[in-house]
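Student: I've got the sequence and the model open side by side. Can we walk through the folds and contacts together?

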Amino acid sequence: MPAFIIRRLAQSVFVMLVVAMVAFLMFNYVGDPVHQMVGIETSMQEREALREALGLNDPPLVQFARFVGHAVQGKFGLSYQYKRPVAELFEERLPATLELSLVAALFSLVIGIPMGVYTGLHRSGFLSRIFMTFSLIGISLPTFLIGILLIFVFAVILGWLPSYGRGEVVAIGGWTTGLLTISGLKALIMPAITLGMFQLTLIMRLIRSEMLEVLRTDYIKFARARGLTDRAINFGHALKNTLVPVITITGLQIGSIIAFAIITETVFQWPGMGLLFLQAIHNVDIPIMSAYLILVAFFFVVINLIVDILYYVVDPRLRVDMGKAGGHG
Amino acid sequence: MGKPASLQAVHIPLHRRAIDALRRAADGDVFYSFIHSPVTVAATAVTLLIILSAVLAPWIAPQDPFDMASLDLMDAHTPPSWMADGNPKYLLGTDDQGRDVLSTILYGSRISLEVGFLSVIFSMVLGVGLGIVSGYAGGWLDAVIMRIAEIQISFPAILIALLTDGILRTVIPEARAEELALTVLIFSIGISGWVQYARTVRSSTMVERNREYVQAARVIGIHPVKIMLRHILPNVMGPVLVIATIHLAVAIITEATLSFLGVGVPPTEPSLGTLIRIGNDYLFSGEWWITIFPSAALAILVLAVNLLGDWMRDALNPKLR
Amino acid sequence: MSEPLLNVAHLRIEFNTRRGTLVAVDDISFDVMPGEVFGVVGESGAGKSLTGQAIIGLLEPPGRIAAGEIRLDGRRIDNLPYGQMRRLRGRQIGMIFQDPLTSLNPLYTVGRQLVETIQTHTSMNHEEARRRAVALLEDVGIPAADKRIDHYPHQFSGGMRQRVVIALALCANPRLVIADEPTTALDVSIQAQIILLLKQLCEQYDTAVILITHDMGVIAEISDRVAVMYAGRIVEIGGVREVVKNARHPYARGLMGAIPSLHRRVEKLNQIDGSMPRLTEIPSGCAFHPRCPQAFERCRRERPDLVRVGESQVACWLYGRTS
C-alpha cells in the first residue's frame, strides 16, 4: 500500500479523535447528563450515586477514553427524548437516509456529467448557455426552496407525487427499503431531486471547466494531429483526464449530501437520520447530537479514504513503483 | 532605494491606499468589463435595490408587520390583490395573522441582509486575522491553524453552522435564548466561513513577510503585525472582496436554511427563511402566496449576489477564469 | 525534377483580436519534395509553428488562414471539410510536438495509444495493430519493446518519450511529418540522437519532414533545404549548405553566425542588435530594416519579394537588381 494512503489513514484517525473530543465535550459538559436522566424528585444522594455510577467523577481523560471505547462499539447512551439507546434509533433511521443519499448522488452524477461534458465541448452553443444559466439558478436556490417549489408544483397543483414520508417500505433483514414498492419509489423522486440538485450543478460546472482545461493540453493536440476521431479524443482521452478532480469533488459532495439530507428530510418529513438530528437540536437531545456528529464525521472520513483509493486506480502515475521506470535514451 | 523609500510606504494610511486601488481598478479593464456585461449591471442594480428597500423598509413598507395594533385578523389569509378575493390594500396578500406579505418581505430581507453582512464581516475579520497570524508566525501555530482549516473545509459550511448553532443553543440559558438568537446565528454562520479568507491571506503574508521593508521596519521598532496589516490588507483586498461577495450569497442561504429549519431567527422578528417556514404550513391549503413570494424574493437576492460575485471573480482574478 | 509533395502558396494567417487584425504569417510560399527534410528556422514568434499548424489544419481560433493555398500532391487541403481533414491527419501528415513530457496522455499505456492510432487509420485488428506497435517501438530504438509497450508514459525518460512520440507520428506511415521543435525540451546530450533517429526513420519510411526549429545547428545537421523566417515572412530559402555557408540576407547571415562550429574558425559572432518586432508593430517595407546594418531608403518604403540569387532565393533589396 502506498505511503500516501497510510498517511491519509493516520490523518483520518486524527480527525475522528478531534470530532470525538467535540462530541465528548458536548456530551459531558453541555447541560448535565444526570439532570436529564432523572426526575425532579430524585434526591441529591441518588444523583451523586448515579454520577459515580456513570463515571462522571473520573478524570476527564479517563472519561474520554471510555467515551471513545463506547463509541467504537456503537454505544452512544440513551436519547433524552425517546429514552431508548441512540444506536437503536440510528439503526431504524439509517436505511432511509442512505437510500435517499445514494439515489440523489446517482441522479446528480448521471445528469451532471453529460451536461458538463456537453457544455465543455460546445462552449458557446445555445444549449450550453441554457445549461449554464440553469446551473447558476441551481446554485442560487437553497435546497429547501427547491423542495418547496417541487412540492408546490407536483404535489399541490398537479397532485402527482406525495409531498411527505417514504411511502410503503419493505423490510429485508434489518434494512427497510422503499425501492421495491411503487409508492416508495414515487415518494423518493422529489426528495432525491431536491437533494441532488445542488451537487448536479456543481458537478456539471466542474466537469465543464476541467474539460476546457484538458482540451487545451498538448496530448489532446497530439491526439488530434494523429487523426483520432472526435469521439475517441473527447470521451477516451479528455473525459478520463477530468476524472481525478471530479472524483475529489464527487467524494466531498457525497459527504455533503449526507449533511444536506438534514434539510431535505425536514422539507419532506423523510424519516431519516437528518430529521432525527434536527429534532434533537430542537429538544436539546445531546446524546443523539454527539452521536450524529461522530457518525457523519465517520462517513466523511470513509468517503475521503475511498476517494484516495480511487485516485490510485484512475491515475497510473500514483500506482507505479517508480523503481521500474528506467531506460535513458 | 533603500530604507527611506521603503519605510515611507509604511506610513501611507490604509484608506488612502484603498482609494488608490479602487481608482486604479476604475481606470482599467475592470470598469470596462463591468459596463460591457449587461447581466452584471442588472445584477448590481437588483442587489442595490433590494438592499435599499430593506434599509428603508420602515418608511416604504405599507404596514409595520411587528406592530400588533396595526394587524387585523379579519384580513388574515387574503390572497394577492389581483386574485378574486384580493384586497387592493395588500398587494401580495396577507399571512395567517393578517400581516401584509409585501411588508413582511421588506422587513424580512432586512433581517436576512443584516445577518448575512454581519456573518461575512465576522468571517472576514476572523479569517484575515488568522491568515496573517498563520502566515507570519509560521511554525506550530501555522500548522495548527491550517490543520483546523483543513478539517473544517472537508465538512460543508452549513453542517458546521448547524452544529455550532445547535451546541450554542444548548449552552445559553432559555430565558435569554430569544434575545441572543441573532448573535448565535451570526456567530455560527461566521465561524463556518473563515477558512477561505485565511488561506488566501496566509499565502500573501508568507510572500510579504520576507520583504525588505518588513525587515527594515522591524529594525526601527515598528511592530511587525502592524506592518503586515498595513501592507497586506491592500494587497489582498481584491481576492478578499471576491470571496466576501460569493460568501455573502452563501451566508444568506445559510441563514435562510437555518431559519427554515427553525433554529435561526425567531418568528417574532422573521427573516425571509422564517417567513418561508411559516408559510410552508399553508402551502397545502392553497394559500401559496404566503410562502412563494418570500421564496422568490430570497431566490432573486441570492441569484443577483451570485452573478455579481461570478463577475468579480472573473474581472479581478483572471487566473480563475 | 519531380512534383512537390507539399505546395504552400501565398499563405497568410491572421488573428482577429480586440485590438484589430494581426497578421502572423504574411504571404509565404514554399514547396516540400517527397522524402526531403525541409527546415524552417527563425526566432520564436516568427510564424514557424503557425505555418505548421495551418498545414495540418490545426490552427487554433482566433487564428485563421486568410489567404493562400496549401496543396498535398496537387490536391488542395486547406479548405477540406473537417471529416476529410481528420482522416488526412496521421495518415498523410503526421506531427511531432515540442514537449514529449506533455504530448502523451498520462492515463494510457503507450501501447494503447499506438494501437488506437494504428486502428484509426488501418483495418488491422487488435493483434495485428499491437504487433505493428511493437515493431514501431523497436524501430525508434526502445529496448525490450514488447515489455515497454505496456508501460505508462511517466515510466519513460524524456528522450524515450520523444521516441514514442515519433513512433506515434509515424505509425500510419504518413508522407509528411511536421516536427515542431522536436528536441528543444530535451537534454542536449539526447538532442542529437533524436535528430538522427528522425532523419534515419524518414529515409527508411520515405517520409518528408518539415523541421521547425530556432536552432540553426539542428537544421544544418539534417536538412536538405531551409527557409529562414522573420516576422511572418520568408527572407531566404535555399539548399542548406548554400544558406549555411553563404547566407545572403543580412538576417540569415546573422543567424548563421550564431552556429558554433568546430570545423570552421569563427572570426567573430555576428550579433544582431535589437529583437524581432511584435505583431502589432511590424515596420513598413522590409520588416528587418530597423535592425539591418545595411538598410537604405528603399528598405523602409517597399517590401522586397523573393528573388533568385545564385542557388537561393532571397527577399532583400541588396540583391534586387542583380537577379
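**Strands, helices and a chain contact**

Tutor: Let's start in chain C, where C:Gly39 stands opposite C:Leu211 in E8(C). Keep in mind that this is a predicted model.

Student: In which sense do strand E3 and strand E8 of chain C pair?

Tutor: E3(C) covers residues 37–41 and E8(C) covers residues 208–213. Five bridges link the two strands, and the sense of the pairing is parallel.

Student: What is the order of the strands in the open sheet of chain C?

Tutor: The sheet has eight strands, and its pairing is mixed. Its edge strands, E6 (93–96) and E11 (307–309) of chain C, each pair on one side only. The twist averages 20 degrees from one strand to the next. Reading across chain C, the order is E6-E7-E8-E3-E9-E10-E12-E11.

Student: Which helix of chain C lies across E6 and E7?

Tutor: E7(C) spans 176–180, and the helix passes over both E7(C) and E6(C). It runs at about 165 degrees to E6(C), and it's made of residues 158–170: helix H7 of chain C.

Student: Next, E10 of chain C. How many of its residues are buried?

Tutor: E10(C) runs over residues 233–239, seven residues in total. The strand is mostly covered, with the buried ones numbering six.

Student: And which residue of chain C stands opposite C:Ile234?

Tutor: Look to strand E9 (residues 225–230) of chain C, which runs antiparallel to E10(C) and is joined to it by six bridges. The hairpin of these strands has two residues between them, and C:Ala231 there takes a positive phi near 50 degrees. The residue opposite C:Ile234 is C:Met229.

Student: Which residue in E12 of chain C stands opposite C:Glu236?

Tutor: E12(C), residues 312–314, pairs with E10(C) in the antiparallel sense over two bridges. Opposite C:Glu236 you'll find C:Val314.

Student: How many nonpolar residues does the contact of H11(A) with H12(A) have?

Tutor: From H11(A) come A:Met273, A:Leu276, A:Phe277, A:Ala280 and A:Ile281, while H12(A) brings A:Ile288, A:Met289 and A:Tyr292. The contact has no polar and no charged residues, and its nonpolar count is eight.

Student: What about chain B: how many helices does it have?

Tutor: Buried residues make up 45% of its 321 residues. Of the contacts in chain B with a separation of 6 or more, 70% come from residues 24 or more positions apart. Chain B has zero strands, and its helices number 14.

Student: Which helix gives the most residues to the side of chain B that touches chain A?

Tutor: The contact takes 33 residues from chain B and 32 residues from chain A. On the chain B side, the elements giving two or more residues are H8 (157–171), H12 (224–260), H13 (272–280) and H14 (289–316). By class, that side divides into 23 nonpolar, nine polar and one charged. The helix that gives the most, with nine residues, is H8(B).

Notes: Residues numbered from 1 in each chain as written. Chains lettered and ligands numbered in written order. Predicted model: local features only at pLDDT ≥ 70, side-chain atom pairs only at ≥ 80, totals over all residues. Buried ≥ 20, exposed ≤ 12 C-beta atoms within 10 Å, placed from the backbone. Helix = DSSP H or I, 4+ residues; strand = E, 2+ residues; numbered from the N terminus. Pairing = 2+ DSSP bridges. Contact = placed C-beta atoms within 7 Å. Nonpolar A, V, L, I, M, F, W, Y, C, P; charged D, E, K, R; others polar. Axes fitted to C-alpha atoms, helices over the stretch in contact; angles between N-to-C directions.
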